[in-house]
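Please read this briefing alongside the sequence and the coordinates. It is arranged by topic, from the overall fold down to single residues.

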Amino acid sequence: MKVLVILAHPQEGSFNHAIAQAAIERIADNGHTVFFHDLYKEGFDPLLKSEEIPKDNPLPATISQHCEEIAEADGIVVVHPNWWGQPPAILKGWVDRVIRPGIAYEFVEGDTGEGVPRGLLKAKVALVYNTSNTEALREKTVFGDPLEAIWNHCIFGLCGVATFHRRMFSVVVTSSEGLRNQWLDQTRKDIDVFFAKKSASAC
């Protein structure tokens with residue numbers, strides 16, 4: 001399997017980095033190929049250019065690479081903090097530029113864009129890991145957990161990814177090292193469930 005891992009956190013050494021690293025190492029240990037992008041470290045440009053909007057226009061090399069990888073991926077893992085109930089701006093820009101028509105979705109013939117698009121992504125599984133400093137009950141009852149709607153329904157569900165799994169680790173700011181290690185173990189267990197170790201017979 002090929003698994004695309006996207007990390008969006010500006011601070012080196014953050015717990016988001018630890019989550020991504022745990023996922024990457026377990027995916028590789030299980031015998032799968034990893035495409036990894038640390039958007040901040042790579043200096044990903046989140047600004048969608050007007051010339052990129054038409055479906056068939058040429059794309060910058062970096063965007064073409066991201067599009068090729070997400071099209072090839074059998075699974076996707078996204079790691080980011082909860083900022084104002086949204087992904088960081090750099091990740092929203094990644095969605096704007098990479099989750100694009102002809103790559104992630106398309107409208108049926110005769111549809112001028114007012115209908116429900118058909119998903120094109122090959123990926124069967126998408127995992128999203130979020131960190132937050134808001135208590136879980138407050139996140140759901142007061143804010144309505146907008147990240148669940150964004151990733152599950154507005155993005156991956158629309159793009160044809162059949163299985164979606166998300167975890168919110170909170171409250172991070174007051175968490176102990178022991179609790180964080182438990183969260184990392186949970187991440188590894190998720191990887192084992194959704195991207196299981198490649199069997200010898202499959203080699």
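The model is predicted. Its chain has 203 residues, of which 42% count as buried. Seven helices and seven strands make up its secondary structure.

**Overall fold**

- Along the principal axes, the C-alpha atoms fill a box of roughly 55 × 50 × 30 Å.
- Among contacts with a separation of 6 or more, 78% are between residues 24 or more positions apart.

**Helix α4**

- Helix α4 spans residues 89-98.
- Seven of its ten residues are buried, so α4 is largely enclosed by the rest of the structure.
- The buried residues of α4 are Ile90, Leu91, Gly93, Trp94, Val95, Arg97 and Val98.
- The cover over these buried residues includes the strands β1 and β3 and the helices α2 (39-42), α3 (61-72) and α6 (146-157).

- Pro10 sits in the loop that runs between β1 (2-7) and α1 (15-29).
- With a relative accessible area of 45%, Pro10 is partly exposed.
- Leaving aside neighbours within four places in sequence, Pro10 is in contact with Tyr40 and Trp83.
- Ile90, one of the buried residues of α4, is 80 residues from Pro10 in sequence, and their C-alpha atoms are 9.6 Å apart.

**Largest pocket**

- The volume of the largest pocket is about 220 Å³.
- Its lining consists of 14 residues, and His9, Asn16, Thr131, Asn133 and Val172 lie nearest the pocket centre.
- By class, the lining residues of this pocket are five nonpolar, eight polar and one charged.

**Cysteines**

- How many disulfides does the structure hold? There are zero.
- Cys67 is in no disulfide, and the nearest cysteine sulfur, that of Cys159, is 11 Å away from its own.
- Cys67 is buried, at a relative accessible area of 4%.
- Cys154 counts as exposed, at 52% relative accessibility.

**Backbone details**

- Most residues other than glycine have a negative phi, and most peptide bonds are trans.
- The peptide bond joining Ser170 and Val171 is cis, with omega at about 0°.
- Val171 belongs to the loop between β7 (163-169) and α7 (177-194).
- Trp84 is not a glycine, yet its phi is positive, at about 55°.
- Trp84 lies in the loop that connects β3 (75-81) with α4.
- Is Trp84 buried or exposed? Trp84 is exposed, with a relative accessible area of 84%.

How values were computed
Residues are numbered from 1 along each chain as its sequence is written. This is a predicted model: local features need pLDDT of at least 70, side-chain atom pairs count only at pLDDT 80 or more; totals for chains, interfaces and linings use all residues. Side-chain values use heavy atoms; hydrogens and water are left out. A disulfide is a pair of cysteine sulfur atoms within 2.5 Å. Buried means under 20% relative accessible area, exposed over 50%, partly exposed in between (1.4 Å probe, protein chains only). On a 1 Å grid over the protein atoms alone, a cavity is a set of points where a 1.4 Å probe fits but cannot get out, and a pocket is an open set with protein on both sides within 12 Å along at least five of seven lines; lining residues have an atom within 4 Å of a point. Grid points are joined across faces, edges and corners, and a volume is the space filled by probe spheres set on the points. Ala, Val, Leu, Ile, Met, Phe, Trp, Tyr, Cys and Pro count as nonpolar, Asp, Glu, Lys and Arg as charged, and the others, Gly among them, as polar. Helices (H or I, at least four residues) and strands (E, at least two) are DSSP runs, numbered from the N terminus. Contact means heavy atoms within 4.5 Å.
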